[in-house]
Amino acid sequence: MEEPRQSKILIVEDEQTNALITRRLVKNLGHIDQVATNGYEAIGMATAELPDLILMDIMMPDIDGIEVTRQLKRRPEFFNVPVIMVTGASDAKLLKEAFDAGATDYVTKGSNPIELTTRLNSALQLKYEVEQRMLRESQLEEAINRLEQLSLLDQLTGIGNRRYFDDLYDRQWRAAKRKHCSIAVVMLDVDDFKRYNDTLGHPAGDECLKKVANALNKEMRRPSDSVSRYGGEEFVAILFDTDARGALEVAERMRKAIHKMKLHHPGSRVCDFVTLSGGIACVIPDGDLTQKQLLESADKALYQAKENGRDRFSV
Ligand code: GH3
Ligand code: MG
Ligand code: MG
Ligand code: MG
Ligand code: MG
């Protein structure tokens, strides 16, 4: 068993001589002591400076130690602060009341100091073990959250990945169904991207995808709108509570944003910079149409846009 570290001990005791004896003992153990001589003072001191452990007299004028314990233990910050009752006589009924109020342990006044020392040490030991375990658990939880977040991001572009999209699409679909509002999906595909890689190289292709993703992301104006990387050089936007006209507006904005960057694309058959084609589909999801069918219809519209000459959107 490792030696307990220096701890702040609050001694609650209304009789001066008793307080002095306990104080000396606590100091000798290497801890920092504080004394409160009545219940109100105890609550005030405990609140101001959260102690590591409280030695609590039961019999005091005004509010007794059991009531003080009850009040402190109601607060979440005191859940792991051990309260050792220091009793005059071991009255079973009183002790039960003390444990019900949240006391950790008790010692009888005037008993061998070794008894108080032992109980104090083991209560502190347990407290620090619980603290350590809670810390490890919260660190683990944080790490899991971080990993979860990372697993939803596309490594290359930093926007949501396919998993993120699938998840969001499902949630938004169900929300649209509940609210009887329209949901739009916009499939976007970089034109002649194979030729981009072929002429400028794959690393340049990667850089291009990053810029495109970033530009598309900037065009998402509402908190409920989002664009994810669907795979390869394809992106997908979900626009909540948006009809075909609204979706076409956003799509045009995205197309223009890509135009404006004028990313040199010598292999393109459309023009000499990077362009996008897209397909739009939207529905109020309360009929027979499934999530999958809506995506397929956006994909068909995308194919149509390619057929019609690229650098455009179809509905
Ligand atoms: P279209 O206009 O019909 O869309 O023609 P395309 O060449 O863009 O379409 P295709 O599907 O034939 O080619 C897609 C290309 O995108 C091929 C693939 O190597 C490239 N690509 C997919 N993912 C990445 C990536 O992460 N980085 C790079 N550099 N290229 C990628
Ligand atoms: Mg007393
Ligand atoms: Mg493609
Ligand atoms: Mg393409
Ligand atoms: Mg293709």
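Predicted model: local features only at pLDDT ≥ 70, side-chain atom pairs only at ≥ 80, totals over all residues.
Residues are numbered from 1 along each chain as its sequence is written, while chains are lettered from A and ligands numbered from 1 in the order in which they are written. Local features need pLDDT of at least 70 and side-chain atom pairs count only at pLDDT 80 or more, whereas totals for chains, interfaces and linings use all residues.

**Exercise 1. Trace the sheet that holds β1 to β5, and state its strand order and pairing.**

Step 1. Strands (E, at least two residues) and helices (H or I, at least four) are DSSP runs, numbered from the N terminus. Two strands pair if DSSP finds at least two bridges between them.

Step 2. Read the order. This open sheet of 5 strands runs β2-β1-β3-β4-β5, with parallel pairing. Its edge strands are β2 (32-36) and β5 (105-108), each pairing on one side only.

Step 3. Neighbouring strands are turned by 20 degrees against each other on average, direction ignored. Axes here are lines fitted to C-alpha atoms, for helices over the stretch in contact, and angles run from 0 to 180 degrees between N-to-C directions.

Step 4. Check one pair. β4 (residues 83-87) and β5 run parallel, joined by 4 bridges. Val 86 stands opposite Val 107 in β5.

Step 5. α5 (residues 113-150) lies across β3, β4 and β5, at about 170 degrees to β5.

**Exercise 2. Work out how β8 sits in the mixed sheet.**

Step 1. The 5 strands of this open sheet have the order β7-β8-β6-β9-β10, and the pairing is mixed. The edge strands are β7 (226-231) and β10 (313-314).

Step 2. β8 (residues 234-240) pairs with β7 in the antiparallel sense over 5 bridges. β6 and β8 also pair antiparallel, over 7 bridges.

Step 3. Ile 238 in β8 is the bridge partner of Ser 226. Ile 238 is also the bridge partner of Val 185.

Step 4. Inspect the hairpin of β7 and β8. There are 2 residues between the strands, and Gly 232 takes a positive phi near 50 degrees.

Step 5. β8 is largely enclosed by the rest of the structure, because 6 of its 7 residues are buried.

**Exercise 3. Describe the shell around ligand 1: how many residues surround it?**

Step 1. A residue is near a molecule if its C-beta atom, placed from the backbone, lies within 6 Å of it. By that rule 17 residues surround ligand 1, and the closest are Asp 191, Phe 193, Lys 194, Gly 205 and Gly 232.

Step 2. The elements giving two or more residues to this shell are β6, α7 (193-200) and α8 (202-218).

Step 3. Sort by class. Ala, Val, Leu, Ile, Met, Phe, Trp, Tyr, Cys and Pro count as nonpolar, Asp, Glu, Lys and Arg as charged, and the others, Gly among them, as polar. The shell divides into 4 nonpolar, 4 polar and 9 charged residues.

Methods
Contact = placed C-beta atoms within 7 Å. Buried ≥ 20, exposed ≤ 12 C-beta atoms within 10 Å, placed from the backbone.
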